[in-house]
Amino acid sequence: MNDSRHLGQLTAGEVAAVGGMDLPETAAGRLREMGFLTGASVRMVRRAPLGCPIEFEVGGARLALRQADAAQIFVQ
Amino acid sequence: MSDWQSWAAPAVVIVTVAILLWRNLRPAKEVGCDEECDCGKGD
Amino acid sequence: MASDRTFALVGNPNTGKTTLFNALTGLRQKVANYPGVTVEKKIGTGRDRHGAEFTVIDLPGAYSLDAKSPDEEVTRAVLRGERPDTPQPDAVICLVDAVNLERHFYLTTQVMELGLPVIVVINKTDEAEERGITIAAKRLEERLGVSVVPMQANERVGMEALQVALSASDLAQPQWTAVEDGDPATRYTAIETLLDGTVARSEEDRQTPSDKWDRVLVHPIFGWVVLLSIVGGLFFTLFSLAGYPMDLIDGTFGWLGEQVEARMAEGDLRALITEGIIGGVGGVVIFLPQILILFFFIGLMENTGYLARVSFMMDRLMSGVGLNGKAFVPVLSSYACAIPGIMATRTMESARDRLITTLIAPITSCSARLPVYVMLIALMLPVGTAGQKALVMIGLYVLSILGVYTFAWVFNRTLEKSEKTLMVLELPSYQRPSWREITLQMYERGKIFLRRAGTVILGLSIVLWAMTTYPKSDSEDGSEQLAYSAAGRLGKTIEPVIEPLGYDWKMGIGLVASFAAREVFVSTMSIIYLGEEAEEDSVRDRMAEETRADGKPAYDVRTCLSLLVFYVFAMQCLSTVAVTRRETNSWRWAILQVVYLTGFAYLAALATYQIGGFFLS
């Protein structure tokens with residue numbers, strides 16, 4: 001899956017659909033519960049002033065993830 | 001110097017130490033409440 | 001507390017659950033801890049329309065009953081009646097956010113599968129309206145078979161309807177087919193079906209009012225300007241404006257002492273009351289203004305939603321040492337006083353993060369250290385300029401910041417990681433602040449501070465007084481009396497241990513006494529050198545004259561620096577130890593705090609004195 005884009009690569013305003021996740025089950029489960037379902041539409045809102053974390057809009061809520069974690073969520 | 005004070009003061013100190021020890025050394029895992037709680041479960 | 005029914009209040013974090021809880025219970029609430037975990041337990045009572053009393057448990061915010069944090073575990077356990085300390089509630093009030101119905105129904109549908117009656121409250125209707133979202137609550141009500149109450153909790157809109165729903169003699173169980181599959185996708189599909197046709201969204205511009213605020217507040221430049229201004233404003237208020245009420249309190253306690261002195265004959269008990277009790281407790285209560293100010297700022301930031309932005313911006317700086325952005329405010333607060341700082345860690349989800357933050361909080365140079373710093377710096381630089389003194393002061397603060405980061409890093413390495421640290425920070429939309437909520441919170445927290453610090457400090461002040469009074473010598477001289485007492489003997493006993501740090505036994509007494517509370521240092525020095533309480537300037541002058549056996553000044557630059565470094569790190573506040581003990585629910589961490597901090601303080605002071613020897617004397 002190295003050629004797949006991941007959430008950490010989105011630019012401000014870009015919208016993408018959630019694909020697979022390369023994270024431990026608890027973390028992946030938590031993300032899915034919060035709205036990062038497979039196929040769900042995610043919009044990258046902004047990066048924090050220091051570059052990390054990244055604010056996403058998903059399922060109507062604004063959730064921020066760290067670059068390292070976002071990099072493990074792939075895009076369809 | 002007031003004589004009664006000379007034993008009253010130490011008495012207060014001893015009682016205080018006793019209370020401090022009792023409050024902090026009794027098992028913390030009580031049912032319902034912790035230290036400064038008075039959530040109505042009786043105390 | 002006799003009451004007819006118990007309702008549990010559940011919902012996602014940041015939903016305004018606390019606001020609703022406050023609306024239902026007013027001032028009739030208690031805060032405690034669930035035994036065995038560092039999770040806050042909030043219970044209150046209210047009255048329904050029949051005048052009957054009911055109990056409300058504000059359960060910790062949860063995103064799902066598939067618990068991933070101690071908070072969520074408690075919520076699940078209480079709802080299922082699995083906690084021996086808390087009986088299963090009779091019904092559940094599920095709070096959902098109108099703007100984000102689907103996500104919030106994740107937890108709600110799980111709750112509906114527990115077999116308990118449910119009342120659904122759809123909160124933030126005002127915001128939904130602003131965003132062009134309409135919800136057909138009645139239709140949802142029909143589908144679920146339970147009361148669905150739209151509300152705007154912070155303005156108490158919809159309270160009437162909620163009261164009606166609460167007062168119903170038979171509370172309905174929801175009509176809902178359980179989702180067997182553990183996969184979130186399945187549940188969300190079921191939710192979609194449930195909500196189909198009940199939520200209408202207008203296809204407007206996605207730029208919400210919150211976004212407009214965020215463009216400035218999280219801006220790479222303005223964001224920092226705002227943050228620094230707020231932090232600056234906070235510290236300015238804490239260290240200068242707070243002085244007025246603090247002086248008032250100081251005066252009141254002084255007056256109280258005078259009254260006692262006037263009405264009681266001279267004697268031990270009178271001394272116990274004036275010096276031990278009034279002096280000791282006064283020393284704690286004097287911090288109340290700062291505590292209240294702190295909680296005001298925190299409350300304001302949290303209530304408006306700005307706090308999440310602070311965590312958002314600061315996360316990068318904290319993740320390097322294993323903390324996350326949410327630790328910023330507790331640590332910052334600890335610069336005023338570690339007690340509210342440690343209390344503020346309750347906003348952090350990870351128990352491990354909370355623990356680390358609690359352990360490093362006392363390294364921050366809290367305001368109690370200020371009188372000590374001021375006195376020692378003046379002794380150290382008797383003819384120094386204000387600039388030089390300020391430089392030393394800043395140096396001490398920098399040292400404490402370094403200490404915070406270093407020990408955070410150390411603890412992060414040594415304490416075992418229970419779970420992979422995934423951080424999901426929710427940024428709620430901005431809200432107009434509810435002054436009522438903020439004030440209520442200030443009141444509750446202030447109460448806890450007074451009770452916490454008050455009871456512990458009261459006891460310890462009495463003990464400390466006893467240690468500096470007994471055994472009694474025949475001498476009339478205060479300083480000789482002190483030397484004869486238990487505290488004095490302790491000072492003499494530890495003298496060989498503290499000598500390499502440049503201290504003598506008199507300073508030893510000061511150190512011992514300060515272990516209860518740092519600010520005691522000044523008054524203790526006063527008694528040691530002048531035999532009685534006196535003005536700070538005269539104490540300092542007397543201390544400056546003090547010489548060692550070889551005639552050299554006792555308080556030379558080396559010793560003063562060594563003392564300062566010691567005070568930066570040493571754990572000298574039994575109130576904080578008590579709070580740590582309570583927040584972590586065990587003695588282990590509280591004792592660890594004292595040991596590691598004081599041990600390190602010793603080594604640091606030792607190094608300072610010895611290395612200073614090469615450069616100075």
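Into which domains is chain C divided? In this predicted model, chain C comprises domain 1, which spans residues 5-201, and domain 2, which spans residues 222-443. The predictor assigns the complex an ipTM of 0.93 together with a pTM of 0.82, and for chain C the mean pLDDT is 84, with 96% of the residues of this chain reaching 70 or more.

The centres of domain 1 and domain 2 of chain C, taken over C-alpha atoms, are separated by 34 Å. Contact between the two domains of chain C involves 11 residues of domain 1 and 11 residues of domain 2. On the side of domain 1 of chain C that touches domain 2, the elements that give two or more residues are helix 1 (17-25) and helix 2 (70-79) of chain C.

In soluble globular proteins, nonpolar side chains tend to be buried together. The largest nonpolar core of the model holds 200 residues, and within this core C:Leu9, C:Val92 and C:Val121 touch the most other members. Because domain 1 (5-201) and domain 2 (222-443) of chain C both give residues to this core, the core lies between them.

Definitions and conventions
Residues are numbered from 1 along each chain as its sequence is written. Chains are lettered from A and ligands numbered from 1 in the order in which they are written. This is a predicted model: local features need pLDDT of at least 70, side-chain atom pairs count only at pLDDT 80 or more; totals for chains, interfaces and linings use all residues. pLDDT is the predictor's confidence in each residue, from 0 to 100. A nonpolar core is a set of buried Ala, Val, Leu, Ile, Met, Phe, Trp, Tyr and Cys residues joined through C-beta atoms within 7 Å. A residue is buried if 20 or more other C-beta atoms lie within 10 Å of its own, exposed if 12 or fewer, and partly exposed in between; C-beta atoms are placed from the backbone. Domain bounds come from an automatic or database domain assignment. Two residues are in contact if their C-beta atoms, placed from the backbone, lie within 7 Å. Helices (H or I, at least four residues) and strands (E, at least two) are DSSP runs, numbered from the N terminus.
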